[in-house]
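I opened the notebook today to look up how a few pieces of this fold pack together. Here is what I wrote down as I went.

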Amino acid sequence: MSKYITTPIYYVNGEAHIGHAYTTFIADSMARYERLKGNKTFFLTGTDEHGQKIEESAQKRNKPTQEFADEISATFKNLWDQFEISYDKFIRTTDEDHKKGVQKAFEIMYAKGDIYKDFYEGHYCVSCETFFPETQLVDGEFCPDCGRTTNVVKEESYFFRLSNYQDKLLEFYEQNPDFILPRSRMNEVTSFVKGGLRDLSVTRTSFSWGVKMPESIGDDKHVMYVWLDALLNYVTALGYGKDEANMDFWPATAQIVGKDILRFHAIYWPAFLMSLDLPLPKHLGVHGWWTRDGEKMSKSKGNVVSPKEVADAYGVENLRYFMLREVPFGQDGDFSQRAFIDRINSELSNDLGNLLNRIIGMSGKYSEFEIDSVDVEKYHAKELNAVNEVLDSLDGFMQNMQTHRYLEELWKLFSIGNTAITEHEPWVKVKNDQKDEALATVALVANILARAAVMLHPIMPRTTETVADTLCFSIDTQSYQELIVEKKLLKLFNIKKIPPLFPKVEEPLMPEAPKAMPETEPQKQEKPKNEKKSKEKFESRASFDDNLIEIGQFFETSLKVGTVLEAEEVPKSKKLLKLQVSLGENDTRQIVAGIKEFYSAEELVDTQVCVVANLKPAKLMGIMSEGMLLAAKDEDGLCLVRPSKPKKPGTPIG
Ligand code: ME8
C-alpha cells in the first residue's frame with residue numbers, strides 16, 4: 001500500500017521556529033511509521049516562496065527576491081537535514097516544475113469554466129489574503145480571523161468559482177466524517193461553508209513575485225494568488241503537470257497542518273482538486289498552536305523558541321518525544337523547559353533508561369549478559385498478553401494522529417516490565433534456586449524493551465536504534481513483522497553494556513524566556529500604514545524584522561508619564577479596561593488596556609502609569625484606544641510600570 005504524508009510548505013520570510021518543527025516532527029514520525037510497516041511512503045516538505053510579503057522582506061534587505069528566498073529556504077532544508085527529517089522531496093514553489101504544474105492546473109480550471117475574469121470589490125483582509133462577506137465582519141469592519149481592519153477594494157482579478165463547490169464540499173464532508181482530524185474541527189469548517197462560499201480571487205495585479213499566468217491565457221499583469229500556487233505543491237511534487245512520475249501516491253494519506261491554515265486546506269484545496277478531477281486527501285491532521293511559558297511567541301517579545309537551540313541543548317530526539325507526548329493532538333501546547341525536563345527525567349530516564357540498565361545489570365550478574373527467551377511464555381504469559389494488548393492498540397492512535405495517546409499507551413509497556421521485576425524479584429529467585437524463573441523475568445523485560453523500541457522508533461529513531469543494538473537486533477520492517485505482528489520472542493543473545501541513555505537534567509539548559517511586556521490587544525490591532533502592502537498571513541510568524549535598534553529608533557517612541565483620571569470595565573471583555581489618562585493639559589487619552597485580570601478599575605484611578613504616546617490609534621472591540629501602557633509580566637502576573645515618585649502628567653520618559 002502506498003502512503004503520502006505532507007507538511008505545509010513554510011514561508012521563507014523568517015527562520016524556522018518550534019511550531020514549524022512540531023508539524024515536521026509529526027509528519028516525519030508518521031512517514032517513518034508507515035515505512036516501518038513496510039508501506040511504500042512518500043514524505044513531502046518544502047518552502048512557500050511567492051507573494052508580497054516575501055518580495056518586501058527581500059527589498060528590505062536589498063536583496064534580489066530569488067536570492068533571498070534561496071537563502072531562507074536553505075535554512076529550513078539545512079535544519080531538517082540536521083534533524084534527520086526523512087523527507088523524500090523538499091519542494092520549493094520557485095522550482096520551475098512546480099510553476100509549470102500550477103500553470104497547467106490554472107489552464108485546466110479555466111478551460112472548464114471554473115475560472116473567469118471580473119472585478120472584485122469587497123471587504124478584503126490583506127493580512128489574511130482573504131475576502132469576507134459583510135455578514136462575517138466583526139462590527140461591520142474587522143476581519144473575523146485576525147481582527148484587523150478590512151479594506152474595501154476594487155481590482156481586476158480572475159476568480160475561481162468556489163461557490164459552485166459549496167454543495168459538493170458539504171456532501172464530501174458528510175460522506176467522510178474523518179476527513180478532518182480531530183473530528184471536532186469539522187463543525188467549524190461545515191458551518192463556514194454553509195454560511196455561503198464566495199468565488200475566490202485567484203490572481204493579483206498589485207505585485208509581481210508570483211507564478212506568471214499561463215501563456216495560453218496571457219494577461220501578464222496578473223500573477224497567481226499565493227495560496228493557489230502553494231496548495232498545488234502537494235501534487236506538483238508528484239509530477240503533476242509534468243511527467244506525473246509519482247502521481248500514484250495521490251491522494252495523500254495525511255496532510256498535517258496547523259489550525260491557522262485549516263480553512264485553506266479543508267475548503268479551497270478540496271475545491272481546487274474537484275475542479276481538477278483529482279481525488280481528495282484521506283485525512284487532514286490539524287494541530288494546535290504552541291506558546292512559550294503560556295505566552296504567544298513573537299520575535300518582538302524575544303521569546304520565540306528556536307528548535308535548533310533546543311535541540312542543541314536537549315537533543316533533537318528528546319524534543320521530538322516531548323512535543324509529541326506533551327500535547328493532545330489538535331490542542332494548543334505550551335513549551336516550558338520545566339515540563340520538558342520533567343518528561344526527560346521521569347519518562348525517558350526513569351521509565352525507559354533505567355529499565356534497560358536494570359536488565360543489563362541483572363543479566364550481567366545472573367547469566368554473564370546472556371539473555372534467553374526460552375522460559376518467558378512459561379512464567380510470564382500474563383505479562384505477554386498485557387504487552388500484546390498494548391501493541392495492538394497502538395496503530396489506531398497513530399492513524400488518528402494521536403501521538404500523545406500512542407506514547408502514553410506505549411509507556412504502559414515499561415510499567416508492565418517494572419511491575420514484573422517488582423513482583424517476581426529475580427534477585428530472590430536466583431538465591432532460592434529458581435534461576436530459570438529469574439532469567440525468564442529478565443528475558444521478559446528484554447523483549448518488552450525490544451518491542452517498545454520498535455514502536456518508539458518513528459518518534460525517536462536514533463535512540464531506539466541504540467536500544468535495539470544493545471539487544472542485538474536492528475529495527476526494520478522485518479523486525480516489526482516478527483516482534484510486533486507475529487509477536488515472536490528474541491532469539492538467544494548477549495546484551496551489550498551501554499552508558500545511561502538519558503542522563504538526568506538537573507537545571508534548565510537554556511536561558512529562560514525573557515519576560516516581556518504583555519501583548520495587549522492594541523499591539524495586535526496595530527496595522528501597517530498601507531494595508532495593501534501587508535503580509536500574507538498572521539502576525540505571529542517569526543521574521544527578521546526585529547533586530548537591534550539604533551538609539552534614534554528608540555527615541556521614535558514617545559513615552560510619557562500619565563495620570564489615570566477614570567477607569568471602567570469594557571463590557572463582555574475578560575481582559576480589557578477602558579481608561580481616561582491625562583498626559584498633561586489638553587491631552588487626555590482614552591486607552592484600552594488588557595489588564596483587567598490584574599487590576600480593578602477603581603484601584604487605578606488617580607495612579608500614575610507610563611504611556612506609549614505616539615502609537616497609531618487602534619480600535620479594540622470597537623473602542624478607540626489612543627496609547628498603550630507599559631507593564632511587566634511573569635508567571636506571578638502582570639504589574640504596571642510606574643514612576644517611583646509622582647511626576648507631572650506628560651513628563652517625557654527616556
Ligand atoms: O502558513 N505553533 O506557512 P508558515 C504551532 N506557507 N505550529 C505553528 C506555529 C505555532 N506557534 N507557527 C507556525 C504557511 N506553525 C503557508 C502554508 S501550505 C500549502 C502553505 C506551523 O511558515 C503550522 O503548521 O506560516 C502552520 O500551519 C505552519 O507552521 C505554517 O507555516
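Before anything else, I noted what I count as a contact: heavy atoms within 4.5 Å. I also reminded myself that this is a predicted model.

**Entry 1: helix 17**

I started with helix 17, residues 461–470, and asked which of its residues are buried. They turned out to be Pro461, Thr463, Thr464, Val467, Ala468 and Thr470. I then looked up what these buried residues pack against, and found helix 1 (18–36), helix 11 (316–326), helix 12 (337–367), helix 16 and strand 18 (493–494).

**Entry 2: helix 13 and helix 16**

A reminder to myself: two packed helices are described by the angle between their axes and the distance between the axes. Here the axes of helix 13 (residues 376–399) and helix 16 (residues 435–456) come within 10 Å and cross at roughly 15 degrees. Angles under 35 degrees count as roughly parallel, and therefore helix 13 and helix 16 are roughly parallel to each other. The crossing is right-handed.

I listed the residues that meet. From helix 13 they include Tyr379, Glu383, Val387 and Leu391; from helix 16 they include Ala440, Leu444, Asn447 and Ile448. Sorted by class, the residues of this contact are 11 nonpolar, four polar and four charged.

**Entry 3: helix 5 and helix 6**

Next I took helix 5 (residues 166–175) and helix 6 (residues 186–194), whose axes also come within 10 Å, here crossing at roughly 155 degrees. Helix 5 is therefore roughly antiparallel to helix 6. I noted the handedness of this crossing as left-handed.

Gln166, Leu170 and Tyr173 of helix 5 meet Met186, Val189, Thr190, Val193 and Lys194 of helix 6. I counted this contact by class as five nonpolar, two polar and one charged residues.

**Entry 4: Thr607**

Thr607 sits between helix 21 (601–604) and strand 22 (608–612). Is Thr607 buried or exposed? Its relative accessibility is 19%, and buried means under 20%, so Thr607 counts as buried.

I followed its side chain and found that it reaches the backbone oxygen of Leu604 at 2.6 Å. Setting aside neighbours within four places in sequence, I found Thr607 in contact with Gly562, Thr563, Val564 and Arg642.

Notes: Residues numbered from 1 in each chain as written. Predicted model: local features only at pLDDT ≥ 70, side-chain atom pairs only at ≥ 80, totals over all residues. Heavy atoms only, no water. Helix = DSSP H or I, 4+ residues; strand = E, 2+ residues; numbered from the N terminus. Buried < 20%, exposed > 50% of the residue type's maximum accessible area, 1.4 Å probe, protein only. Polar contact = N/O pair within 3.5 Å; in protein donor to acceptor, adjacent residues only side chain to side chain. Axes fitted to C-alpha atoms, helices over the stretch in contact; angles between N-to-C directions. Parallel < 35°, antiparallel > 145°, perpendicular 65-115°, else oblique. Left-handed = near helix turned anticlockwise from the far one by under 90°. Nonpolar A, V, L, I, M, F, W, Y, C, P; charged D, E, K, R; others polar.
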